[in-house]
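Biologist: I have not looked at this one before. Can you take me through it?
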Amino acid sequence: MPNYRIIVDLSDRKLYLLDNDVVVRAFPIGIGKELTQTPQGEYTIINKAPNPGGPFGAFWMGLSRPHYGIHGTNNPASIGYAVSHGCIRMHNQDVIQLANLVPIGTRVTIRS
């Protein structure tokens, strides 16, 4: 059984999926802008919701820090940029792939 965890690297704007500390996937992301930066720290995925609607694209995975999550986007051109209100944006097909792999309770490390 896989032992997944996620590292979000704000400086290179990538989300890394690790299995037993080995990177198995890397995805481009959008991150929080200057005034609403993505919070650094250790979190866990506490809920998952397909098709949350609005700007959250095809999938939402909520973090243990309230009001923050990893989600899709209705604006794919924003991926790779610091444009969000602090959440981690992914291409819709990427967030669906990730959501299908990681269970609730997966550790998420956000670092610069």
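Modeller: We can start with the aromatic rings: the structure holds one aromatic pair. Rings of Phe, Tyr and Trp (its six-membered ring) pair if their centres lie within 6.5 Å; planes under 30 degrees apart count as stacked, over 60 as edge-to-face and the rest as tilted. This is a predicted model, where local features need pLDDT of at least 70 and side-chain atom pairs count only at pLDDT 80 or more, while totals for chains, interfaces and linings use all residues. Residues are numbered from 1 along each chain as its sequence is written, and side-chain values use heavy atoms, with hydrogens and water left out.

Biologist: Which residues form the aromatic pair?
Modeller: Phe56 and Trp60, in an edge-to-face arrangement with 5.3 Å centre to centre and 70° between the planes.

Biologist: Is Trp60 buried or exposed?
Modeller: Trp60 is buried, at a relative accessible area of 17%. Buried means under 20% relative accessible area, exposed over 50%, and partly exposed in between (1.4 Å probe, protein chains only). Phe56 is partly exposed, because its relative accessibility is 31%.

Biologist: How many residues does the largest nonpolar core have?
Modeller: It has 24 residues, and those with the most contacts inside it are Ile6, Val8, Leu15, Met61, Leu63, Ile70 and Leu98. A nonpolar core here is a set of buried Ala, Val, Leu, Ile, Met, Phe, Trp, Tyr and Cys residues joined through side-chain atoms within 4.5 Å.

Biologist: Which strands and helix supply at least two residues of this core?
Modeller: Strands S1 (4-9), S2 (14-19), S3 (22-32), S4 (41-50), S5 (59-63), S8 (88-90) and S9 (107-111) each do, and helix H1 (92-101) does too. Helices (H or I, at least four residues) and strands (E, at least two) are DSSP runs, numbered from the N terminus. In soluble globular proteins, nonpolar side chains tend to be buried together.

Biologist: What does Ile70 touch?
Modeller: Leaving out residues up to four places away in sequence, Ile70 touches Ile6, Leu15, Phe59, Trp60, Met61, Leu63, Ile88, Met90, Val95, Leu98 and Val108. Contact means heavy atoms within 4.5 Å.

Biologist: And Met61, where does that lie?
Modeller: In strand S5. Met61 is buried, since its relative accessible area is 0%. With residues up to four places away in sequence not counted, its contacts include Ile45, Asn47, Ile70, Val95, Leu98 and Val102.

Biologist: Which residues of H1 are buried?
Modeller: Asp94, Val95, Leu98 and Ala99. They are on the same side of H1 because they cover an arc of only 130° around the axis, the arc being that of the directions from the helix axis to the C-beta atoms. Gln93 and Asn100 are exposed on the other side of H1.

Biologist: Why would residues three or four places apart point the same way?
Modeller: An α-helix has 3.6 residues a turn, so residues at that spacing point the same way.

Biologist: Now the sheet. What does S4 pair with over five bridges?
Modeller: With S5, in the antiparallel sense; Asn47 has Gly62 in S5 as its bridge partner. S4 and S9 also run antiparallel, joined by four bridges, and Glu42 stands opposite Thr109 in S9. Two strands pair if DSSP finds at least two bridges between them.

Biologist: Changing topic, where is Ser84?
Modeller: In strand S7 (residues 82-84). Ser84 counts as buried because its relative accessibility is 2%. Its side chain reaches the backbone nitrogen of Gly32 at 3.2 Å, and a polar atom of that side chain lies 2.7 Å from the backbone oxygen of Cys87. A polar contact is a pair of N or O atoms within 3.5 Å; within protein, one must be able to donate a hydrogen and the other to accept it, and residues adjacent in sequence count only if both atoms are side-chain atoms.

Biologist: What about Asn51, what is its phi?
Modeller: Positive, about 50°, although Asn51 is not a glycine. Most residues other than glycine have a negative phi. Asn51 is in the loop between S4 and S5 and is exposed, with a relative accessible area of 63%.

Biologist: Where does His67 lie?
Modeller: In the loop between S5 and strand S6 (69-71). His67 also has a positive phi, near 75°. His67 is exposed, at a relative accessible area of 74%.
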